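Look at the model first, then read on.

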Amino acid sequence: MSRTVELGSQLTALAGCPPEQYRLLSETNQVLRLATQYSKLQRGPGGNWRGQTRINSIATTAEHILMHQALGSNLDKDRDAFISWFYSVQNSDGSWGVNPGDRGDLSVTVEAYLALRILGVSRNVDQMRRSQSFILAEGGIAKVCFITRIHLAMFGLYPWNAVRSLPPELILLPQHILSSICCWPAMDHTVLIPLLILCHHRPIFPLPIQDCAASTYLNELRCKPEEPQEKVLCAFPPRTCGDTALASTSSDLIVHFLSLLKYVLPLRRYALDRSVAFILQTVREMGGVGHLSRPMHMAILALKLEGYSVQSRPLRTGLDNIGHFVYEDEDGKRILSVNTTFRDSSLMITGLEDAGVAVDAPWFRKSVQWLQGCLLSDGNNDASKAFDTRVCRVDDVSSAIHAIIRQDPLMLRSHLVTTALEWLLKRHNSDGGWASLGCSETLVRQSTPDVTGHVLETFGLLLTVSRRNRKLVAQGTLIDHVASASRRAIHYLSVTQQPCGAWFGCCTRYHIYATSAVLRALAYFIGVKERNRWTERDDSINDDVSQAIHWLESLRNQDGGWGDICWREKGGESTASQTALALLALLPYLSPMDSVLRNGVEYLIQTQAKTKTLAGGATWTEDQSMRACSPACTYISSSYSSHCFPMMAIGRYVRALRQYEHGGDLVFDFDGECK
């Protein structure tokens, strides 16, 4: 039965409940109405949602400008918009951080400064003078990191001899050896291999003609401009820099040995051909819902150096793909490092379903259809090819399946969902977990509990749906594989639980997110409620869950909310997203009358009330700078994370409280409505 109940039915069913309960339900109903209206207003023409991400956006935008300068492209049309945005995210001391609002970073500041100079900004304007002071105070361009040295060397602003050699033969090494050599968190093949080609060719692209010669273009950023720059800059930067670094003396020996192989010409040419082939594959994979833009910039330049023209199909495809990452608002234009449209739309659909939106509403159906279309290829609707030709995040695909199945369980029989599930199963690591990136079956990445929790939650929903719907018996073989993978994932999560009871994700922050993902997943497996009786299915899960619940409860702030949690810290000021994630984790296990849940919901009600209403809608805003360690941490970087998670938490709380007032345990059917 398709659920067609619109918002407001909760109050009708609770007319006889105690006044305090009725007041809370009345407030939550109003909050959900405003949140739903805001979601409708923010929806794109195609039915999707696209939030803004903050991770690495400054360096990514700077690299975008450097790439176009190297290609000889004209940026006059977007010049003012780019300059405006750079100014809007500049710190008061003239620096730029890795993310907007972060403490100033020398390498990022140098790249942003160079980008502004290329855009035609004079070195004498106030913003540039403040940047000069910061850069010189930090040691000048002699102390920039490895990646920034390459960017400067591309324009003759840094001697290539001062850039550590990366021979193309590195591509011939096994992945685990390559990972031990390069200790940048985001350094995988998609980032490293274009750099191999750049370091081989050592190009020097022309700078725009301005008021000085190229040799003195950045003289104001040198601590000792009068000394020979080759001598000053050839000191290798410390390994603690924020980007790529070579790991050890043994790694240096490997690189030195491979550098000697350049005299074996057939091997060098073979390595370059392998690199080009990989980059061409990357350009194809980055289409559609591909999520990273930074590798694409260097990939395009690498192909240009290998003889591809700007008008060639690979470069045009790459430039078109980068267009998906352009974001412009009143602050100006920038290039996002991460495209979260796929994930944002999945979470928004799930949140709206939790808020009580009718699943057969035309506007909502259009959004669901857009999401389903992302799991299909554009050409022949062959879903199997869609996953073979795209870089997809495992947790993104899992979230999409979860959203689709929740609003229509019979979609489990569809070819697109079946193929997506098979793709997830193929990405299952030997340790029982999943890693975020899943673009290659042969490239194994380290599993993380947060991603594993996402997949396990989706698998738990599928297993529950299949047990209660006889029409899905035909999916028996696939369901058996899902059940087997789930058992291995549960074991992995039990092993990776921290002594404090939490699970840590891919970043050094936001452990509430990882713990929430795991607890929501384990709720499907710890037991099942049948006729008001709790039937245990795994006692070991119960111990893990109890410890995690205790950890979450101990971190609650006095205002009823939760804040960012780092393993080095107790917790920060409460935020809507972290509070909602904690509530989502606790809701399957605690009574809706528990003060922990009640106070958390009231915190979300109060914080939405403080936001400005937009055409009848409202959302939650977070003043704290959202800091994440890498593009892998996209879950908290999107501007919609503080909207979707609270909507989901309040909607599920309302449903739990409604069922509690009816005198029974919360039991869902799988069209999304309570029984």
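## Helices α15 and α16

Helix α15 (residues 341–355) packs against α16 at an angle of about 140 degrees, and their axes lie 10 Å apart. Helices here are DSSP runs of H or I, at least four residues, numbered from the N terminus. Axes are lines fitted to C-alpha atoms over the stretch in contact, with angles from 0 to 180 degrees between N-to-C directions. α15 and α16 are therefore oblique to each other. Oblique is what remains after under 35 degrees (roughly parallel), over 145 (roughly antiparallel) and 65 to 115 (roughly perpendicular).

The crossing of α15 and α16 is left-handed: the near helix is turned anticlockwise from the far one by less than a right angle. On α15, the contact (heavy atoms within 4.5 Å) uses Thr-341, Phe-342, Ser-345, Ser-346, Ile-349 and Leu-352. On α16, Trp-363, Phe-364, Ser-367, Val-368, Trp-370, Leu-371 and Cys-374 take part. Nine of the residues are nonpolar, four polar and none charged.

## Helices α16 and α18

Helix α16 (residues 362–374) also packs with helix α18 (residues 394–407). The angle is about 135 degrees and the axes are 10 Å apart. α16 and α18 are therefore oblique to each other. Their crossing is left-handed.

α16 brings Arg-365, Val-368, Leu-371 and Gln-372 to this contact, while α18 brings Ala-400, Ala-403, Ile-404 and Gln-407. Five of these residues are nonpolar, two polar and one charged.

## Basis

This is a predicted model, where local features need pLDDT of at least 70, side-chain atom pairs count only at pLDDT 80 or more, and totals for chains, interfaces and linings use all residues. Residues are numbered from 1 along each chain as its sequence is written, and side-chain values use heavy atoms, leaving out hydrogens and water.

Conventions. Helix = DSSP H or I, 4+ residues; strand = E, 2+ residues; numbered from the N terminus. Nonpolar A, V, L, I, M, F, W, Y, C, P; charged D, E, K, R; others polar.
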